[in-house]
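Student: I have a structure open and would like to talk through its packing. Could you take my questions one at a time?

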Amino acid sequence: MVSTLLLFPTETEAAGLRHRRRDAASAVIGVGMAEAAAGTAHAIATLHPRRVVLCGIAGVCGGELCAGEVVEVVDDSVAALPAAYRRSYRSPRRTALKAARAVTVNAVGEALPSLPQQTGEELPVVEQMEGASVAAVCAALGVEYMHIRAISNRVGDDRGAWRVADAVEALGAVAAELCL
């Protein structure tokens, strides 16, 4: 049994933590909702953590956040589901990081059409591909859940403009602190 298990969609996203904390309990769960759900269920069944922290990179919808900035996701939902079936996965704040709302998508850019008109009062929104599915597995299995994302790009940017290396390094630094 481990206290905190850090989950990453890819080895690339895990690299920032692994060179800082080789002793940290972590697992790569796969990209996208189906792979992330299966990977999370397997990791929980194998390691029996008290808490899971999903860590990854994300695109920001709008200009509120900068590449390399790490946020704590406090609300997540699946973008493409009809409103009648869309569930919001909320998490209590556990860090001093900026809070954000996430939208779990199947394809890059899918979040933008699903977002209502933003007001200055709302949380910044990030787009990623695993959050709601990992939150659902944790809720079903009674495991505490937390979610952080490092901004790599603005949604709609050409992939050549993404700052993945900066995001991975920032993510690794924050993730290393969470497993203390």
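Student: Which residues does A58 touch, leaving out those up to four places away in sequence?
Tutor: A58 touches V126, E127, Q128, R149, A150, I151, S152 and N153. Contact here means heavy atoms within 4.5 Å. Please note that this is a predicted model, in which local features need pLDDT of at least 70 and side-chain atom pairs count only at pLDDT 80 or more, while totals for chains, interfaces and linings use all residues. Residues are numbered from 1 along each chain as its sequence is written, and side-chain values use heavy atoms, with hydrogens and water left out.

Student: Where is the place of A58?
Tutor: A58 belongs to strand β3. Strands (E, at least two residues) and helices (H or I, at least four) are DSSP runs, numbered from the N terminus.

Student: Is A58 buried or exposed?
Tutor: A58 counts as buried because its relative accessibility is 3%. Buried means under 20% relative accessible area, exposed means over 50%, and partly exposed lies in between, with a 1.4 Å probe and protein chains only.

Student: How far apart in space are A58 and V70?
Tutor: Their C-alpha atoms are 9.5 Å apart, and A58 and V70 are twelve residues apart in sequence.

Student: Turning to the core, which residues of the largest nonpolar core touch the most other members?
Tutor: Those are L6, F8, L17, V53, C55, V70 and I148, in a core of 22 residues. A nonpolar core is a set of buried Ala, Val, Leu, Ile, Met, Phe, Trp, Tyr and Cys residues joined through side-chain atoms within 4.5 Å. At least two residues of this core come from each of β1 (4–8), α1, β3 (51–61), β8 (144–154) and α5.

Student: And which element gives the most to this core?
Tutor: Helix α5 does, with eight residues.

Student: What does I148 touch, not counting residues up to four places away in sequence?
Tutor: I148 touches V53, L54, C55, G56, V70, V71, E72, L97, L171, V174, A175 and L178. There is also a second, separate core of 19 residues, which includes L5, L7, I44 and V52.

Student: What about L17: buried or exposed?
Tutor: L17 counts as buried because its relative accessibility is 0%. L17 sits in helix α1. Apart from neighbours within four places in sequence, L17 contacts L6, F8, A24, S26, G172, A175, A176 and C179.

Student: At what angle do α1 and α5 pack?
Tutor: Helix α1 (residues 11–18) and helix α5 (residues 164–178) pack at about 50 degrees, with axes 7 Å apart. That makes α1 oblique to α5. Axes are lines fitted to C-alpha atoms, for helices over the stretch in contact, and angles run from 0 to 180 degrees between N-to-C directions. Angles under 35 degrees count as roughly parallel, over 145 as roughly antiparallel, 65 to 115 as roughly perpendicular and the rest as oblique.

Student: Which residues meet there?
Tutor: From α1 they are T12, E13, G16 and L17, which meet V164, V168, E169, L171, G172, A175 and A176 of α5. By class, this contact of α1 with α5 has six nonpolar, three polar and two charged residues. Ala, Val, Leu, Ile, Met, Phe, Trp, Tyr, Cys and Pro count as nonpolar, Asp, Glu, Lys and Arg as charged, and the others, Gly among them, as polar.

Student: How do the axes of α2 and α4 cross?
Tutor: The axes of helix α2 (residues 33–47) and α4 cross at roughly 35 degrees and come within 8 Å. On the α2 side the contact is made by M33, A36, A37, T40, A41 and I44, and on the α4 side by S133, V134, V137, C138 and L141. The contact of α2 with α4 divides into nine nonpolar, two polar and no charged residues.

Student: Which residues in α4 are buried?
Tutor: In α4 (residues 131–141), G131, A132, S133, V134, A135, V137 and C138 are buried. A140, also in helix α4, is exposed, with a relative accessible area of 65%.

Student: One last topic: what is the phi of H48?
Tutor: Phi of H48 is near 50 degrees, a positive value in a residue other than glycine. Most residues other than glycine have a negative phi. H48 lies in the loop between α2 and β3 and is partly exposed, with a relative accessible area of 45%.
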